[in-house]
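Here's a quick briefing on a protein model and the ligand that comes with it.

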Amino acid sequence: MNKTVDILLTNIGQLLLMEKLDSPKKGNEMQQLSYLENAALGITGNEISFIGTIEEAKEIKTNYLIDCEGKIVSPGLVDPHTHVVFGGSREHELALKQQGVPYLEILKQGGGILSTVRATREISEEDLYKKAKFHLDRMLSYGITTVEGKSGYGLDKETELKQLRVLKKLNQRHEMDIVSTFLGAHAIPANYKENPDAFLDEMLAMLPQIKEENLATYVDIFCETGVFTVEQSKRFMLAAKDAGFDVKIHADEIDSLGGTELAGEVKAISAEHLVGASDRGIKALAEAGTIAVLLPGTTFYLGKEKYARARTMIEEGVAVTISTDFNPGSCVTENIQMIMSLAALKLKMTPEEIWNAVTINAAHAIGKEDEAGYLALGGNADVVIWDAPNYKYIPYHYGVNHANTVIKNGKVVFERVKRVEQISSP
Ligand SMILES: N=CN[C@@H](CCC(=O)O)C(=O)O
Ligand SMILES: [Zn+2]
């Protein structure tokens, strides 16, 4: 063999090999995780051009050799649910939370999401861009190379479009691949308090323009007490489907209203949160092939005891993924590795299920399965070198950043200034 590659990663302890699949992993399939030990990986342009053993790699020429020091290498992670574009911040709500004021009560009093709406209306498009870029840079440093981002802090045409334009520009200019979701139905603005249906009509009227300008792939709605009912959500989702969009739903996050059943009924691509999902709802997701996007960081941050029933979902054959839900109110972290730990501790997911959740299943939840969430010959070179000796180590050692080097489309986009020396017994 006389091969040359642009970048060669050698001395890899465990190289996670995820295949490109036509559908997400469900049930027992989520337990399957293949890896190659003592491996090497070559990158040419933006593609993976070699996968083999360290021995085989000795024949390969390169100008850019990375010694992975026996650590693990995985595909870039995919975060399928974020609210990354927003104005302001809500640290003042922490004290309210400590006093026991519930999340939906803060919203009812005009705070919460509505407080971020005010800040997002006020901020200029340029500053909104800079602010979102800051958070995306941080996500990249945690090993996320593909992300979904939602609007929903405008609740009026001008600001919703401003958020979606920021996401589009970031997708064009930032290293991160971004999938946009229109979440105009995120809360009821004060001027529509008495007439939420008219507000939904106003948001639906935006869909042709959003389609025309290619501003979003998905349409989402927050189905919750004090926000939109199941009936309103159904009408909204069906209308969005008629307008040519795949749909998502924030369902049964705080109260069990039946949004999970609705997600199955309308064949949503994914249903999010699902903390209060009923048995019937879980079965409906399995039958419809709707992906469950679980957000344990939100349950943690809202100080709740009850987490989504990931084990039941997996047993019932639902494809499960997890996400940061990064947003300024209910989950203020870009650290998906922390979410992997919460998935282990609170959702009782196994390390294998967690790795499938943050790669292949997450990619399917945002329609990126052809480009992201797998690691195979000929695939996109989105790769992370971790400061960890094996894949089980990352959910285990929580709260810190284990990503050492992040490669996106064949380019090193993040590298720790000081490489952490991997000691044999960490
Ligand atoms: N629950 C609705 N939306 C977000 C929170 C938004 C906010 O509090 O700003 C979520 O997914 O958790
Ligand atoms: Zn959300």
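One term before we start: a polar contact here is a pair of N or O atoms within 3.5 Å. With that cut-off, Glu-253 makes a polar contact with ligand 1, because an N or O atom in its side chain is 2.6 Å from a nitrogen atom of the ligand. Keep in mind that this is a predicted model, so the distances below are computed from predicted coordinates.

**Ligand 1 and its polar contacts**
- His-273 has a side-chain N or O atom 2.8 Å from an oxygen atom of ligand 1.
- For His-83, the distance from a polar side-chain atom to an oxygen atom of ligand 1 is 3.3 Å.
- On its own, ligand 1 has 330 Å² of accessible area, and the protein covers 100% of that.

**The shell and the cavity**
- Where does ligand 1 sit? You'll find ligand 1 in the largest cavity.
- There are 16 residues surrounding ligand 1, and the closest are Tyr-103, Tyr-153, Glu-253, Asp-325 and Ser-330.
- Sorted by class, that shell comes out as 9 polar, 4 nonpolar and 3 charged residues.

**First set of annotated sites**
- An unreviewed UniProt entry gives His-81, His-83, His-250 and Asp-325 as "binding site".
- These residues are spread over 245 residues of sequence but cluster in space, with a largest C-alpha distance of 12.4 Å.
- From this set, His-83, His-250 and Asp-325 are part of the lining of the largest cavity.
- As for local context, His-83 is in the loop between strand S8 (77-79) and helix H2 (93-98).

**Second set of annotated sites**
- The "binding site" label in the unreviewed UniProt entry is also placed at Tyr-153, Asn-327 and Gly-329.
- Tyr-153 is in the loop between strand S9 (144-150) and helix H6 (157-173).

**The annotated domain**
- UniProt (unreviewed entry) annotates residues 72-413 as "domain: Amidohydrolase-related".
- Over residues 72-413, the chain is 42% helix and 17% strand.
- The end C-alpha atoms of that stretch are 18 Å apart.

Conventions:
Residues numbered from 1 in each chain as written. Chains lettered and ligands numbered in written order. Predicted model: local features only at pLDDT ≥ 70, side-chain atom pairs only at ≥ 80, totals over all residues. Heavy atoms only, no water. Near = heavy atom within 4 Å. Polar contact = N/O pair within 3.5 Å; in protein donor to acceptor, adjacent residues only side chain to side chain. Areas by Shrake-Rupley, 256 points an atom, 1.4 Å probe, with all protein chains shown as cover. 1 Å grid on protein atoms, 1.4 Å probe; cavity = no way out; pocket = protein on both sides within 12 Å on 5 of 7 lines; lining within 4 Å. Sits in = over half its atoms within 2 Å of the grid points. Nonpolar A, V, L, I, M, F, W, Y, C, P; charged D, E, K, R; others polar. UniProt positions renumbered as here; feature names shortened; annotations may be inferred. Helix = DSSP H or I, 4+ residues; strand = E, 2+ residues; numbered from the N terminus.
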